[in-house]
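Here are a few friendly notes to read with the structure open beside you. Take the points in order and find each residue as you go.

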Amino acid sequence: MNILGREFVTEQMPEGWVICGRWIDGVLNIIDNKLSNRKQAQVKLQHMSDCLVRDCRKLGVSPEYYWQTHNSSVLTKFSNNRQ
């Protein structure tokens, strides 16, 4: 799923389902590994997308600027909050 110009995916790992950010070179960065199944991972990813897009629009900034200023804080927020 493309969220503000960045690619995020759900993947099944040996430990369970995870949400990952995909870097330009294809490397996956795990954002959330507290998911019990595929459906929960997809729902949480959609919720994350909705919240990030809404926040970016509320701030009135470009997606590039949003990621430059909020990258680690917003992703940490979502990985620490269970839905």
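**Notes on the fold**

1. Let us begin with one residue. Setting aside its neighbours within four places in sequence, Ser49 is in contact with Met1 and Ile3, where contact means heavy atoms within 4.5 Å. Ser49 is found in helix H1. Is Ser49 buried or exposed? Ser49 counts as buried because its relative accessibility is 9%; buried means under 20% relative accessible area, exposed over 50%, and partly exposed in between, with a 1.4 Å probe and protein chains only.

2. A word on what you are looking at. This is a predicted model, in which local features need pLDDT of at least 70 and side-chain atom pairs count only at pLDDT 80 or more, while totals for chains, interfaces and linings use all residues. Residues are numbered from 1 along each chain as its sequence is written, and side-chain values use heavy atoms, with hydrogens and water left out.

3. Now the parts list. The protein has two helices and four strands, and from the N terminus on they run β-β-β-β-α-α. Helices (H or I, at least four residues) and strands (E, at least two) are DSSP runs, numbered from the N terminus.

4. How are the strands arranged? The four strands form an open sheet in the order E1-E2-E3-E4, with antiparallel pairing. Strand E1 (2-3) and E4 are the edge strands, each pairing on one side only. Two strands pair if DSSP finds at least two bridges between them. In a regular strand the side chains alternate between the two faces of the sheet.

5. Follow the pairs one at a time. E1 and strand E2 (residues 6-13) run antiparallel and are joined by two bridges; the bridge partner of Asn2 in E2 is Glu7. Strand E3 (residues 16-22) and strand E4 (residues 28-35) also pair in the antiparallel sense, over five bridges, and here Ile19 stands opposite Asp32 in E4.

6. Do look at the turn in the hairpin of E3 and E4. There are five residues between these strands, and Gly26 takes a positive phi near 95°.

7. Back to helix H1 (residues 38-59), where Arg38 lies. Arg38 counts as partly exposed because its relative accessibility is 48%. Arg38 and Val18 are 20 residues apart in sequence, and their C-alpha atoms are 8.7 Å apart in space.

8. Gln46 also has its place in helix H1. With 36% relative accessibility, Gln46 counts as partly exposed. Gln46 and Ile3 are 43 residues apart in sequence, yet 9.4 Å apart in space, C-alpha to C-alpha. Remember that Ile3 is also in contact with Ser49.

9. Finally, the whole protein. What radius of gyration would a compact globule of 83 residues have? It would be near 12 Å, and the protein has 12 Å, which agrees; the radius is taken over C-alpha atoms, and the globule rule is 2.2 Å times the number of residues to the power 0.38. Along the principal axes, the C-alpha atoms fill a box of roughly 40 × 30 × 20 Å.

10. Two percentages to finish. Buried residues make up 34% of the 83 residues. Among contacts with a separation of 6 or more, 42% are between residues 24 or more positions apart.
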